[in-house]
Amino acid sequence: APDRASLVSFNVEGCHAMDLATLVDQDRGVAMRAGHQCCQPLHQKFGVTASARLSAYFYNTEAEIDTAVDALKDTISMLQGDFEQLDLLGAAGL
């Protein structure tokens, strides 16, 4: 479908892309990419040094995608100092 994509590149204010990718991987084992993504001219245009990228494919389950989204939310909360938003029990699988 023309209005769907399985890839998203993004930046989060107050969070470096490399920190996001590293912490999401270490916390929940979710593989993300971070860096130039072969689009340095676009990064330069937007004044950023890197972007984070998350992608899915037909073999990813809905539960895996939910895990990735939850891990990303928790990591962003932690990096931005919003500790009340952390789902610590979810991270432990409880």
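# Briefing: an antiparallel sheet and its surroundings

Strands β1 and β3 pair in the antiparallel sense over four bridges; two strands count as paired if DSSP finds at least two bridges between them. Helices (H or I, at least four residues) and strands (E, at least two) are DSSP runs, numbered from the N terminus. The model is predicted: local features need pLDDT of at least 70, side-chain atom pairs count only at pLDDT 80 or more, and totals for chains, interfaces and linings use all residues. Residues are numbered from 1 along each chain as its sequence is written, and side-chain values use heavy atoms, with hydrogens and water left out.

**Sheet**

- The sheet is open and holds three strands, in the order β1-β3-β2, with antiparallel pairing.
- Because β1 (7-10) and β2 (33-35) each have a single partner strand, they stand at the edges, and one side of each is left without a neighbour in the sheet.
- From one strand to the next, the twist averages 20°; axes are lines fitted to C-alpha atoms, for helices over the stretch in contact, and angles run from 0 to 180 degrees between N-to-C directions.
- Strand β3 (residues 51-55) also pairs with β2 in the antiparallel sense, over three bridges.
- Ala-52 in β3 stands opposite Ala-34, and Arg-53 in β3 is the bridge partner of Arg-33.
- Leu-54 in β3 has Val-8 standing opposite.
- As a general point, the strands of a sheet pair through backbone hydrogen bonds, either parallel or antiparallel.

- Arg-28 lies in helix α1 and counts as buried, at 18% relative accessibility; buried means under 20% relative accessible area, exposed over 50%, and partly exposed in between (1.4 Å probe, protein chains only).
- The side chains of Arg-28 and Asp-74 make a polar contact at 2.5 Å.
- A polar contact is a pair of N or O atoms within 3.5 Å; within protein, one must be able to donate a hydrogen and the other to accept it, and residues adjacent in sequence count only if both atoms are side-chain atoms.

**Thr-75 in helix α3**

- Thr-75 has its place in helix α3 and is buried, with 4% relative accessibility.
- Thr-75 touches Leu-20, Leu-23 and Val-24, when residues up to four places away in sequence are not counted.
- The C-alpha atoms of Thr-75 and Val-24 are 6.4 Å apart in space, although the two are 51 residues apart in sequence.
- The side chain of Thr-75 also reaches the backbone oxygen of Ala-71, at 2.9 Å.

**His-43 in helix α2**

- His-43 is part of helix α2 (residues 40-46) and is buried, with a relative accessible area of 6%.
- Leaving out residues up to four places away in sequence, His-43 touches Gly-35, His-36, Gln-37, Val-48, Thr-49, Ala-50 and Ser-51.

**Aromatic pairs**

- The structure holds three aromatic pairs; rings of Phe, Tyr and Trp (its six-membered ring) pair if their centres lie within 6.5 Å, and planes under 30 degrees apart count as stacked, over 60 as edge-to-face and the rest as tilted.
- Tyr-57 and Phe-58 form a tilted pair, because their ring centres are 4.5 Å apart and their planes stand at 50°.
- The pair of Phe-58 and Tyr-59 is edge-to-face, with 5.6 Å centre to centre and 70° between the planes.
- Ring pairs join Tyr-57, Phe-58 and Tyr-59 into a cluster.
- Tyr-57 belongs to the loop between β3 and α3 (62-79).
- The C-alpha atoms of Tyr-57 and Ala-5 are separated by 9.7 Å, and the two residues are 52 residues apart along the chain.

**Cysteines**

- A search of the whole structure finds zero disulfides, a disulfide being a pair of cysteine sulfur atoms within 2.5 Å.
- For Cys-39, which is in no disulfide, the nearest cysteine sulfur is that of Cys-38, 7.6 Å away.
- Cys-15 is buried, with a relative accessible area of 9%.

Terms used
Contact = heavy atoms within 4.5 Å.
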